[in-house]
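Q: I'm new to this one and would like to go through it slowly. Could you show me the sequence and the structure before we start?

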Amino acid sequence: MGTFIQLVVDGLATGSIYAALALAIVLVNQATGLINFAQGGMAVLSAYIAYVFVQLGLPLILAIIIAIVLSFLFGALVERFLIRRFERGDPDTAVVVTIGLLTLVTGICAVLWGYNNLGFPSLFPLTSVEILGAVVSVRSLATAVTIVVIMVVLQLLFLRTKLGLALRAVADNPASAAFSGLPVGRLLMVGWGLAATLGAIAGVLVAPQLTLTPGMLDTALVYALAAVILGGLTSPIGCVVAASAIGVLENLVAVYVPLIGHDLKIAVPFALIFVILIVRPQGLFGRKVVVRV
């Protein structure tokens with residue numbers, strides 16, 4: 001029983017990493033209607049920016065705040081001068097552009113800081129506590145709580161605020177939003193800026209656990225995309241639940257299903273995606289999209 005609880009707790013801690021990135025993907029999709037494959041690379045760049053300011057002697061919290069502000073500006077500028085050129089064309093083209101952006105940002109990080117593992121200071125204590133016989137890192141626990149808070153804030157943003165409703169309107173139908181008097185261009189920039197901000201928070205939360213490298217979030221991005229598909233592109237809560245479920249199921253299957261083990265556990269989320277896409281294409285918590293002809 002103790003082993004089972006420990007596996008579940010460790011899976012939830014890993015799932016919080018996937019959830020952090022998944023929330024950023026949901027945010028940019030809700031704001032612009034696109035899936036940003038460069039989200040992981042942008043988050044890593046933000047973590048490197050915070051690392052630079054820490055090395056210059058600034059307090060960690062101040063370095064993170066500066067990185068978040070710069071990330072917002074970077075996200076807004078990426079939308080204005082890069083993504084906007086492709087937003088009115090084929091959606092697949094815009095997706096390819098984000099993949100190219102991921103490659104570019106990862107390459108820039110590699111050129112500037114190399115591929116060596118860099119230690120990133122943690123915002124939270126490195127101590128552990130015992131819960132129901134399982135040893136839980138305070139850092140992992142605090143990260144999970146932070147992700148839940150962000151999830152609630154995003155849900156309230158899109159359902160209860162004028163900004164959130166405007167962002168959703170622009171993502172659903174930019175032309176109609178423009179006729180309604182909404183500043184479509186500025187809202188798209190804000191959406192990308194907010195997503196980059198959330199990515200920055202994810203980067204600085206994850207970097208102490210994984211060590212800082214240009215490809216730090218490459219694997220996490222795959223799981224985050226799986227969580228987005230499983231939970232639903234329209235539901236921050238669904239993405240967090242799906243990411244947590246993926247982390248837990250991976251751990252349990254690796255230990256209790258010898259046929260799969262640790263080598264094949266990465267197939268678990270993809271098997272879930274296959275089933276969900278057949279049974280419920282919009283995701284477990286997503287909304288059906290109705291197209292009027």
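**A first walk through the model**

A: Let us begin with Gly247, which is placed in helix α10 (residues 236-256), where helices (H or I, at least four residues) and strands (E, at least two) are DSSP runs numbered from the N terminus. This is a predicted model, in which local features need pLDDT of at least 70 and side-chain atom pairs count only at pLDDT 80 or more, while totals for chains, interfaces and linings use all residues. Residues are numbered from 1 along each chain as its sequence is written, and side-chain values use heavy atoms, with hydrogens and water left out.

Q: Okay, is Gly247 buried or exposed?

A: Gly247 counts as buried because its relative accessibility is 1%, buried being under 20% relative accessible area, exposed over 50% and partly exposed in between (1.4 Å probe, protein chains only).

Q: And what does Gly247 touch?

A: Not counting residues up to four places away in sequence, Gly247 touches Gly11, Gly15 and Tyr18, a contact meaning heavy atoms within 4.5 Å. The C-alpha atoms of Gly247 and Phe4 are separated by 13 Å, although these two are 243 residues apart along the chain.

Q: Switching topic, how many salt bridges does the structure hold?

A: The structure holds one salt bridge, which is defined as a side-chain nitrogen of Lys or Arg within 4 Å of a carboxyl oxygen of Asp or Glu. The side chains of Glu79 and Arg84 meet in a salt bridge, at 2.8 Å from N to O. Side chains of opposite charge can pair when their charged atoms come close.

Q: Which of those is buried or partly exposed, Glu79 and Arg84?

A: Glu79 counts as buried because its relative accessibility is 0%, whereas Arg84 is partly exposed, with a relative accessible area of 27%. Glu79 is found in helix α3, and, leaving out residues up to four places away in sequence, Glu79 touches Arg84, Glu87, Gly185, Leu188, Met189 and Trp192.

Q: Trp192, you say. What about Thr98, what does that touch?

A: Trp192 is one of the residues that Thr98 touches, together with Ile35, Asn36, Phe37, Ala38 and Ile83, again not counting residues up to four places away in sequence. Thr98 lies in helix α4 (residues 91-113) and is buried, with a relative accessible area of 1%.

Q: Which residues touch the most other members in the largest nonpolar core?

A: In that core, which has 79 residues, Leu23, Phe120, Leu154, Leu212 and Leu217 touch the most other members. Helix α1 (residues 2-32) gives the most to this core, with 13 residues. A nonpolar core here is a set of buried Ala, Val, Leu, Ile, Met, Phe, Trp, Tyr and Cys residues joined through side-chain atoms within 4.5 Å.

Q: What surrounds Leu212, then?

A: Leaving aside residues up to four places away in sequence, Leu212 touches Val44, Ala47, Tyr48, Tyr51, Asn116, Asn117, Leu118, Phe120 and Ala207. As for Thr211, its place is in the loop between α8 (184-210) and α9 (218-231), and its phi is near 70°, a positive value in a residue other than glycine.

Q: Where are Leu62 and Leu123 placed?

A: Leu62 is in helix α3 (residues 60-81), while Leu123 is found in the loop between α4 and β1. Leu62 counts as partly exposed, at 38% relative accessibility, and Leu123 is also partly exposed at 38%. Apart from its neighbours within four places in sequence, Leu123 is in contact with Leu60, Ile61 and Ile64.

Q: What does UniProt list as "transmembrane region"?

A: The unreviewed UniProt entry lists several stretches under that name, including residues 60-82 and 135-158; positions are given in the numbering used here, feature names are shortened, and annotations may be inferred rather than shown by experiment. In the model, residues 60-82 are 96% helix and 0% strand, with the end C-alpha atoms 31 Å apart. Residues 135-158 are 88% helix and 12% strand, with the end C-alpha atoms 36 Å apart.
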